[in-house]
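This briefing is for a reader new to the structure. Please look at the sequence and the model first, then read the points below.

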Amino acid sequence: MKKITKEMIHIFNMTDFDWMGYELTKEANYFTFHHIIKKEHGGKEKINNGAILIGNSAHNYLHIIESRELDMYVYINKILKEVNNQRHLPTKEQLLKIYDCLEKFERDHSGDVNRNGDPLIKERYTKRIILK
């Protein structure tokens with residue numbers, strides 16, 4: 001795990017779930033640093049440009065969304081930037097906004113496949129924490 005990821009985990013007191021509402025489980029057992037502004041667009045690997053996401057679920061899924069629905073990807077990154085600026089975990093309202101995007105993506109792309117012919121939306125992408 002990168003040093004910056006460890007630092008952000010400490011700053012944001014990360015324990016059970018990431019910034020998109022994915023639970024840290026045995027199957028999804030590591031946090032990763034997501035560039036809010038991508039490296040190729042001048043984004044630095046710095047705290048103020050990062051979001052902490054579970055690697056094999058939220059982070060992968062967000063980049064799939066980027067490849068199919070760029071406006072949605074930009075909107076989710078805007079929310080992630082808000083979380084970064086507030087310096088605490090996402091609020092329920094922020095998670096609900098992200099969930100709305102993910103659910104729309106899942107409705108719109110439920111039958112899509114990747115270039116290998118596998119379903120685009122893996123089951124683990126749909127398993128988020130339950131908000132009460």
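Asparagine 13 sits in the loop between H1 and S1, where helices (H or I, at least four residues) and strands (E, at least two) are DSSP runs, numbered from the N terminus. Asparagine 13 is not a glycine, yet has a positive phi of about 50°. This is a predicted model, in which local features need pLDDT of at least 70 and side-chain atom pairs count only at pLDDT 80 or more, while totals for chains, interfaces and linings use all residues. Residues are numbered from 1 along each chain as its sequence is written, and side-chain values use heavy atoms, with hydrogens and water left out.

**Positive phi in loops**

- Asparagine 13 counts as exposed because its relative accessibility is 56%; exposed means over 50% relative accessible area, buried under 20%, and partly exposed in between (1.4 Å probe, protein chains only).
- Arginine 87, also not a glycine, has a positive phi of about 60°.
- The loop between H3 and H4 holds arginine 87, which counts as partly exposed at 38% relative accessibility.

**Helices H3 and H4**

- Helix H3 covers residues 70–86 and helix H4 residues 92–108; they pack at an angle of about 160°, with axes 10 Å apart. Axes are lines fitted to C-alpha atoms, for helices over the stretch in contact, and angles run from 0 to 180 degrees between N-to-C directions.
- The crossing of H3 past H4 is left-handed, meaning that the near helix is turned anticlockwise from the far one by less than a right angle, whereas clockwise is right-handed.
- Residues of H3 that meet H4 include Met72, Ile76, Leu80 and Val83, and those on the H4 side include Ile98, Cys101, Leu102 and Phe105. Contact means heavy atoms within 4.5 Å.
- By class, ten nonpolar, two polar and three charged residues make up the contact of H3 with H4. Ala, Val, Leu, Ile, Met, Phe, Trp, Tyr, Cys and Pro count as nonpolar, Asp, Glu, Lys and Arg as charged, and the others, Gly among them, as polar.

**Salt bridges**

- The whole structure has seven salt bridges, each a side-chain nitrogen of Lys or Arg within 4 Å of a carboxyl oxygen of Asp or Glu.
- Lysine 2 and glutamate 45 form one of them, at 2.8 Å from N to O. Lysine 2 is in the segment before helix H1 (3–11) and glutamate 45 in the loop between strand S1 (31–35) and strand S2 (50–54), 43 residues apart.
- Both partners are partly exposed, lysine 2 at 41% and glutamate 45 at 37% relative accessible area.
- Lysine 38 and glutamate 66 pair at 2.7 Å, N to O, in a salt bridge. Lysine 38 lies in the loop between S1 and S2 and glutamate 66 in helix H2 (residues 55–68), so the pair ties together parts 28 residues apart in sequence.
- Both lysine 38 and glutamate 66 are buried.
- Glutamate 106 forms a salt bridge with arginine 128, with the closest N and O atoms 2.9 Å apart. Glutamate 106 is in helix H4 and arginine 128 in the segment after H4, 22 residues apart.
- Glutamate 106 counts as buried at 15% relative accessibility, and arginine 128 counts as buried at 13%.
- Salt bridges with shared partners join Lys38, Glu40 and Glu66 into one network.

**Histidine 34**

- Histidine 34 is in strand S1 and counts as buried, at 1% relative accessibility.
- Leaving aside neighbours within four places in sequence, the contacts of histidine 34 include Asn49, Leu53, His59, His63, Tyr73 and Leu80.
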